[in-house]
Amino acid sequence: MIQSRGIGVSEAGKIFTDAWLGSDGKEEMQIMRTFTVLFVGLLVAIAGCSLSPKSATAGDDGRELVKLPPIMQEHMLANMRDHLAALNDLLAELAEGNIDKATAIAEERLGMSSLSLHGAVQLSKFMPQGMAMLGARMHHAASRFVIVARDAELDPGRDSQRNVYKALQEITDNCNACHQTYRIR
Ligand code: HEC
């Protein structure tokens with residue numbers, strides 16, 4: 001469906017009718033103005049279409065397009081939204097000092113234990129090797145984070161804290177690398 005950012009059809013119709021029925025003897029002027037409004041509206045609509053996010057992602061932005069069957073595509077995007085939600089929840093628990101909860105989220109929703117939850121093996125069959133590898137790395141990084149965060153609990157200090165940040169960044173590094181390289185739509 002084309003989403004017009006210009007004037008709506010009914011609005012344009014009303015302007016047109018008003019102009020046509022205008023009774024002050026300036027019909028011609030009004031009709032001219034109406035056509036100008038319609039024309040500008042059309043231009044804005046066309047510009048809006050080419051600038052809309054949909055066509056921006058569909059265009060060639062340098063990322064490799066990986067075609068997935070529609071059901072897989074939906075599944076993958078749902079996984080993705082949960083990845084971000086998991087990171088968000090994990091950070092919230094870290095901020096509260098709830099390391100056990102943070103590490104449970106990391107392992108179950110992002111780490112190696114999350115593979116079956118996400119149907120990762122099935123999905124990876126549809127991915128180019130490089131993409132599947134980044135996915136696998138992300139899951140490994142999340143499971144490594146669990147170990148680093150637990151170690152930091154046993155041996156608190158500045159270095160441990162930095163190791164925790166580093167382990168977190170190794171997770172997001174893979175999110176980022178994959179997003180920079182591949183698209184599925
Ligand atoms: C193996 C590759 C890969 C990894 C790793 C990855 N993503 Fe994605 N992600 C994608 C692709 C591909 C898309 C879809 C991009 C497109 O075509 O628009 C996507 C989309 C998303 C979206 C948008 C979902 C939607 O419904 O539109 C979110 C949010 C997201 N990823 C979060 C993350 C987070 C957070 C991580 C890391 C914890 C992550 N992703 C790791 C490949 C990956």
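From the N terminus on, the elements of the protein run α-α-α-β-α-α-α-α-α-β. That makes eight helices and two strands. Both kinds of element are DSSP runs, numbered from the N terminus: helices are H or I with at least four residues, and strands are E with at least two. The model is predicted: local features need pLDDT of at least 70, side-chain atom pairs count only at pLDDT 80 or more, and totals for chains, interfaces and linings use all residues. Residues are numbered from 1 along each chain as its sequence is written.

Start with the whole chain. Of the 185 residues of the protein, 14% count as buried. A residue is buried if 20 or more other C-beta atoms lie within 10 Å of its own, exposed if 12 or fewer, and partly exposed in between, with C-beta atoms placed from the backbone. Contacts tell another part of the story. Two residues are in contact if their C-beta atoms, placed from the backbone, lie within 7 Å. Take the contacts with a separation of 6 or more: residues 24 or more positions apart account for 68% of them.

Now look at how helices pack. Two packed helices are described by the angle between their axes and the distance between the axes. Axes are lines fitted to C-alpha atoms, for helices over the stretch in contact, and angles run from 0 to 180 degrees between N-to-C directions.

Begin with α4 and α5. Their axes come within 8 Å and cross at roughly 165°. The two helices are therefore roughly antiparallel, a label for angles over 145 degrees, while under 35 is roughly parallel, 65 to 115 roughly perpendicular and the rest oblique. The crossing of α4 and α5 is left-handed, meaning that the near helix is turned anticlockwise from the far one by less than a right angle; clockwise would be right-handed. On the α4 side, the contact includes Asp-82, His-83 and Ala-86. On the α5 side, Lys-101, Ala-102 and Ile-105 are among the residues they meet. By class, this contact has seven nonpolar, one polar and five charged residues. Here Ala, Val, Leu, Ile, Met, Phe, Trp, Tyr, Cys and Pro count as nonpolar, Asp, Glu, Lys and Arg as charged, and the others, Gly among them, as polar.

Helix α5 (residues 99-110) also packs on α7. Their axes come within 8 Å and cross at roughly 165°. So α5 and α7 are roughly antiparallel to each other. Their crossing is left-handed. Ile-99, Ala-102 and Thr-103 are among the α5 residues in this contact, and α7 brings residues including His-139, Ala-142 and Ser-143. The contact of α5 with α7 has eight nonpolar, three polar and three charged residues.

Finally, pick out Cys-175 in helix α8. Cys-175 counts as partly exposed because it has 18 C-beta neighbours inside 10 Å. Beyond its neighbours within four places in sequence, Cys-175 is in contact with His-83 and Met-138. Cys-175 and Leu-84 are 91 residues apart in sequence, yet their C-alpha atoms are 9.5 Å apart in space.
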